[in-house]
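Have a go at each task before you read its solution.

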Amino acid sequence: MPLSAQTRREKQKAELRSELVDAAHKLVQEEGYEGLTIRKLAKRVGYAPMSVYSYFADKQDILFALAEDAFETLAKRIEDHPADDPIEALQVVMTEYAAFGLGNPNEYRTVFMTEKVKPPEGRTFAEMQEGNPLMKVLINRVEACVAAGRLKGDPRAIATMLWAVGHGTISLLITFPFYPFGDQQAFVKRMCDFTLAALATQDVPPLTDTPVNCC
């Protein structure tokens, strides 16, 4: 069945947005945060700068798009590495997250270490979190550990604590490259093992008094 004119326009717009996101990934990988400008992005894809504004209101909107794209990519990478043991499956999350960050330091610094002062128009931070595929994978694997009796407590709280440790570890490795951490991947594993061992000794309560739906 032939596509309607509206469907073709929507498909074309989605393809052009994807092209802009891909180009933005390359810009931050090569030049970091400072290199990501509307003008440079437009030039890279051969558009007029005003055309970019029809897809992204400002630079922060582009950062959100990059973050969402990165979360989706990471979620797929993690799901490609299942493990029978629930703790090992959870360790894969940290391993793949670290591999992405350490393999793309400019992009990690730009996307995950830049303050986000407002959500994209028409969306809230809570809505973005609920739709985050990486967080869903992380919480699902934490839930498997709780079901198996390997961890105890609120899955979202445990997942958030693991995320905080992972982000902190990767951020330090990127921003303090001359500190004697030793082998980076070995240090990541030590931090992961240490955190999981500590979490296994306690019943982790929720982060807030207000219940939050777990993805």
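**Exercise 1.** In this predicted model, work out how helix 5 and helix 6 are oriented to each other, and which residues meet.

*Solution.* Start with the axes: those of helix 5 and helix 6 come within 5 Å and cross at roughly 105 degrees. Angles of 65 to 115 degrees count as roughly perpendicular, so helix 5 is roughly perpendicular to helix 6. Next, look at who touches whom. Helix 5 brings Tyr97, Phe100, Gly101, Leu102 and Gly103, and these meet Pro105, Glu107, Tyr108 and Phe112 of helix 6. Finally, sort that contact by class: six residues are nonpolar, two polar and one charged.

**Exercise 2.** Now describe how helix 6 passes helix 9.

*Solution.* Helix 6 covers residues 105–112 and helix 9 covers residues 155–175; their axes come within 11 Å and cross at roughly 125 degrees. That angle makes helix 6 oblique to helix 9. As for handedness, the crossing is left-handed. Sorted by class, you get five nonpolar, three polar and one charged residues.

**Exercise 3.** Find the angle and axis distance for helix 4 and helix 8, then sort their contact residues by class.

*Solution.* Helix 4 (residues 59–79) packs on helix 8 (residues 133–147) at an angle of about 35 degrees, and the axes lie 7 Å apart. From helix 4 come Phe71, Glu72, Leu74, Ala75, Ile78 and Glu79; from helix 8 come Pro133, Leu134, Val137 and Arg141. The tally is seven nonpolar, no polar and three charged.

**Exercise 4.** How many cavities of 30 Å³ or more does the structure hold, and what lines the largest cavity?

*Solution.* Count first: there is one cavity of 30 Å³ or more. The largest cavity has a volume of about 180 Å³. Its lining has 13 residues, and the closest to the centre are Val93, Tyr97, Leu138, Leu162 and Trp163. Then ask where the lining comes from: helix 5 (86–103), helix 8 and helix 9 each supply at least two residues, with the largest share, four residues, from helix 5. By class, the lining splits into eleven nonpolar, two polar and no charged residues.

Definitions and conventions
Residues are numbered from 1 along each chain as its sequence is written. This is a predicted model: local features need pLDDT of at least 70, side-chain atom pairs count only at pLDDT 80 or more; totals for chains, interfaces and linings use all residues. Side-chain values use heavy atoms; hydrogens and water are left out. Axes are lines fitted to C-alpha atoms, for helices over the stretch in contact, and angles run from 0 to 180 degrees between N-to-C directions. Angles under 35 degrees count as roughly parallel, over 145 as roughly antiparallel, 65 to 115 as roughly perpendicular and the rest as oblique. A crossing is left-handed if the near helix is turned anticlockwise from the far one by less than a right angle, and right-handed if clockwise. Ala, Val, Leu, Ile, Met, Phe, Trp, Tyr, Cys and Pro count as nonpolar, Asp, Glu, Lys and Arg as charged, and the others, Gly among them, as polar. Contact means heavy atoms within 4.5 Å. On a 1 Å grid over the protein atoms alone, a cavity is a set of points where a 1.4 Å probe fits but cannot get out, and a pocket is an open set with protein on both sides within 12 Å along at least five of seven lines; lining residues have an atom within 4 Å of a point. Grid points are joined across faces, edges and corners, and a volume is the space filled by probe spheres set on the points.
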